[in-house]
Amino acid sequence: MVIALLVVAGQAGARDALVDPARLASLVDDAVARYDLPGIAVGVVVDGDVVLRQTRGELRAGQGEAINPETLFKVASNSKAMTAAVLARQVDAGLLRWDDPVVRHLPDFRMADDWVTREIQVRDLLIHNSGLGPGAGDLMLWPSPNRFTRDEVIHGLRHLQPHWSFRSRYAYDNTLYIVAGEVAAAAADVPFDVLVRREVFEPLGMTRCQAGGWSRDAVGNVAQPHARIDGRNVVVRADADMIPDEPMMAAGGLRCSLDDMLRWAQAWLESGSAPTGGHWLSQAQRDAAWTAHMPMPVSARMRAWDRSHFSAYGYGWRLTDVDGTSKVAHTGTLKGMYSALTLLPERGVGIVVLINGDADEARTVLMQALVKQFTGAIGPHDVDYYASLLAAERADSGTAGAGTREPARTPNAREIDSVAGRWRDPWFGSVAVCPRGDGLTFVSERSPKLHGDVVVEGDRLQVRWREADVDVDAWLIASPPQGSATSLHMAKVDPGADFSYDFEDLAFEREGDCRR
């Protein structure tokens, strides 16, 4: 285990009274100890200066390669603000406008509703107001790797049915950020990976960030994702020698180091030592990025923990208030990789947290505790304090023991015959629900990790996935429920599970019999 701590002497005065590097480091210590994290990188910027860099753990648990400030992490949905920044730079350059119809740049783009196809603008791609359900189409992105191309993901959008009216409410999506990346690429006539390097990484000195396809070993120092399996941190979804140019790049596929993300924070805080000199992005586009374009719900937790009064989405950023000061932030979540970036612009503070493990709770409590060191909140506000609040939430909601599989049996001959066959969904493609040995299996053609056993729990068919890192089982719902089914639908066994497993958006029609 390695600890690297750098404290930089900065401006004297009130700022110094707020900065206690030893206190900040102790919060990281507590999170690592409490959650047994495989690796973490944390940094803090105050008034343009990096006042804290701390790294712990390993690229791969137990292998001895230490994480440092140059280690690459998947930043996941923190990629979204970078995609929005590429578009903002193009608006500054006159290559497009925020109110351009998407079809002006991508003539073949379609949504399920023709009116939405005509009316959806570039700005709409960034603010989660499409009318689609949360995570709609994400099964074309995760679990990865899979066989979907970027063009297939975008084409699939025309088959996804809206849950609500266009622009009527907030519902988080990833697929439209992929469209946003392709709009930017079309406007510049270069691939998006080239564009994000040219417009973001290079001018801001984010020298380690990677986009598109690249060689793991040539780049080196790449953290691997971990899951908790049998009480241990185990590498899951490990990188192959070549990192592919995955479709999700503009939505959540970029990788950066702690030092890169600190430069990114500095660029947005724009203090005296920021590397851009104020010329990287116009004030008009900075303001546009941090404008409340789409209202979001203010949760009970936000009111209780932060005394928040509003919540909204900007262009790639979440906007709210905490203890009377503005907060601009985002998180990133992929299996075994968690990131968080929080900016307190009125305090000149930026905080980065990168973790290469299953760390939802660890990220929440650590970032919350770090933020509270700069908002003037009175009270303990440490890792144990917020962990106890989360435990109380789980107890109140009755989810403390969620995730355990119930007893199940192998389907009988009648149940097998009712659903056996090849099935096709218009955006997800073909699956085989076919006998294997004495049982029944579900195999996706384009998403090979969605390979599972069909069992009967109670009187319902359920798919239990074989891959250890695919942890959201699904009901298999036949129609009609008796006799030979003509259509199949699916739903998450746990309705509160990760919305990116958007089984509810699938509508399979029978394509043929099982191949013998």
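**Close-up views of a predicted model**

At 21% relative accessibility, Asp47 is partly exposed. The model is predicted: local features need pLDDT of at least 70, side-chain atom pairs count only at pLDDT 80 or more, and totals for chains, interfaces and linings use all residues. Residues are numbered from 1 along each chain as its sequence is written, and side-chain values use heavy atoms, with hydrogens and water left out.

**View 1. Asp47 and Asp36 both have positive phi.** Buried means under 20% relative accessible area, exposed over 50%, and partly exposed in between (1.4 Å probe, protein chains only). Asp47 sits in the loop between β1 and β2 (49-57). Its phi is near 50°, and the residue is not a glycine. Asp36 lies in the loop between α2 (21-35) and β1 (39-46). Its phi is about 50°. With a relative accessible area of 39%, Asp36 is partly exposed. Helices (H or I, at least four residues) and strands (E, at least two) are DSSP runs, numbered from the N terminus.

**View 2. Asp124 is buried in a loop.** The loop runs between α5 (114-119) and α6 (150-156). Relative accessible area of Asp124 is 0%. Its side chain makes a polar contact of 2.6 Å with that of Arg167. A polar contact is a pair of N or O atoms within 3.5 Å; within protein, one must be able to donate a hydrogen and the other to accept it, and residues adjacent in sequence count only if both atoms are side-chain atoms.

**View 3. Helix α7 (residues 175-188) is mostly covered.** Of its 14 residues, 12 are buried. Among them are Leu176, Tyr177 and Ile178. Their cover includes α3 (79-93), α8 (192-204) and β10 (311-313). Asp189 follows α7, with a positive phi near 60°.

**View 4. Strand β19 (residues 460-465) pairs with β18 and β20.** Two strands pair if DSSP finds at least two bridges between them. β18 (residues 451-457) runs antiparallel to β19, joined by 6 bridges. Val454 has Val463 as its bridge partner. In this hairpin, with 2 residues between the strands, Gly458 takes a positive phi near 65°. β20 (residues 474-479) is antiparallel to β19 over 3 bridges. Leu461 stands opposite Leu476. In β19, 5 of 6 residues are buried.

Technical notes
The expected span of a helix is 1.5 Å times one less than its number of residues. Contact means heavy atoms within 4.5 Å.
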